[in-house]
Amino acid sequence: ARKEENYPRNSSSNSNQSTEQRSEFHLTHPRPPPRSFHLHYKNTSNKKMSGKEFEGDAGAPLPDFSTTNINLTTVAPALGVPRSLEEQPDYLEYDQKGRGVVVTMFANTGMSYLIGIGLGGMYGLREGLANTPSSRFKVKVNSVLNHCGKRGSRLGNTLGVLSIMYSLYEWAGDSLEIENYTGPIQPVTPALATFMTGVTFYSRSGPRVAALAGSIGLGAVGATYATYTLLGLPYGHRGYLFF
């Protein structure tokens, strides 16, 4: 007799058996239906806003802008709402005379100092090359530097001091409003400022030299004003001293 042995069953038979068991389980135990999500809106009816009731779920509308509490002339005058005749227009306050004395003095002094250094340096270059004691290159360079520094610094300092004096006298003339008393004689303030600058700068050299320096300043202002008038340019439009 052949001996029977217990072998494991085929995997296909096992899978078929498990499939049948699952189908029987689903038949006896049906799957629960999927959950449904419901949005619950809060009923905003019977709410009060600014003393009024609003019905429905739309909520309260925009606030009530009553024209009885709003002055349209102050909200937007550009909309064409007529203003009352009693109200006067508002004007912006600004300085009609331009820059202040400190700003003007710094600008004039800096520009004059740079011009003096440039012109004095050019004159020093010419003088240094003409008065070189030797033909060697190093000696020439040393002579040029010495003369440029000497002439440039001297002329720059002189023009800087004159600019400070002129700016202060011009500010004093503008503060006193001298042009209101001279009538058609213009410009008075720059002419007076240049005259007083020359007199003050050369006051230690005697009254005659001081008067001559002041007269030279007056002549410079008159020549500048005449030139600008002939060229059709506004006087003082550059904003530097009396130019």
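The structure is a predicted model, in which local features require pLDDT of at least 70 and side-chain atom pairs count only at pLDDT 80 or more, whereas totals for chains, interfaces and linings use all residues. Residues are numbered from 1 along each chain as its sequence is written, and side-chain values use heavy atoms, with hydrogens and water left out.

The secondary structure of the protein chain amounts to 7 helices and 2 strands, taken as DSSP runs numbered from the N terminus (helices, H or I, at least four residues; strands, E, at least two). From the N terminus on, the order of the elements is α-β-β-α-α-α-α-α-α. Of the 243 residues in the protein chain, 19% are buried; here buried means under 20% relative accessible area, exposed over 50%, and partly exposed in between, with a 1.4 Å probe and protein chains only. The accessible surface comes to about 19900 Å², and carbon and sulfur atoms account for 60% of it; areas were computed by the Shrake-Rupley method with a 1.4 Å probe, and for residues only the protein chains shown count as cover. Among contacts (heavy atoms within 4.5 Å) between residues at least 6 apart in sequence, 48% join residues at least 24 apart.

Confidence is expressed as pLDDT, the predictor's confidence in each residue from 0 to 100. The mean pLDDT of the protein chain is 76, and 60% of its residues reach 70 or more. Confidence is highest in H6, at a mean of 95, and lowest in strand E1 (residues 47–49), at 45. Over residues 1–15 the pLDDT stays under 50, and the model has 1 contact beyond four places in sequence for this stretch. The pLDDT is also below 50 over residues 36–51, a stretch with 18 contacts in the model beyond near neighbours in sequence.

Helix H4 (residues 137–176) contains 40 residues, which should span 58 Å at 1.5 Å a residue; its end C-alpha atoms are 58 Å apart, in agreement with this value. The expected span is 1.5 Å times one less than the number of residues in the helix. The buried residues of H4 include Ser143, Val144, His147, Tyr166 and Glu170, together with glycines such as Gly152, Gly156 and Gly160. These buried residues of H4 pack against helix H3 (101–130) and H6. Valine 144, located in H4, counts as buried because its relative accessibility is 13%. Beyond its neighbours within four places in sequence, valine 144 contacts Gly124, Leu125, Gly128 and Leu129. The C-alpha atoms of valine 144 and leucine 129 are 6.2 Å apart in space, although the two residues are separated by 15 residues in sequence.

Just after H4, glutamate 177 takes a positive phi of about 55°, although this residue is not a glycine. Glutamate 177 is placed in the loop between H4 and helix H5 (179–182) and, at 40% relative accessibility, counts as partly exposed.

Helix H6 (residues 189–201) contains threonine 197, which counts as buried at 6% relative accessibility. The side chain of threonine 197 reaches the backbone oxygen of alanine 193 at 2.6 Å. Not counting residues up to four places away in sequence, threonine 197 touches Leu162, Met165, Tyr166 and Tyr169. Tyrosine 166 in turn is in contact with Pro190, Ala193, Thr194, Thr197, Leu241 and Phe242, leaving aside its neighbours within four places in sequence.

The largest nonpolar core has 7 residues, namely Tyr166, Ala191, Ala193, Val221, Tyr240, Leu241 and Phe242. A nonpolar core is a set of buried Ala, Val, Leu, Ile, Met, Phe, Trp, Tyr and Cys residues joined through side-chain atoms within 4.5 Å. Leucine 241 lies in the segment after H7 and counts as buried at 19% relative accessibility. The phi of leucine 241 is near 50°, a positive value in a residue other than glycine.

Among the buried residues of H7 are Ala210, Ala213, Gly214, Gly217 and Val221. The buried residues of H7 pack against H6. Just after H7, glycine 232 takes a positive phi of about 75°.

Definitions and conventions
A polar contact is a pair of N or O atoms within 3.5 Å; within protein, one must be able to donate a hydrogen and the other to accept it, and residues adjacent in sequence count only if both atoms are side-chain atoms.
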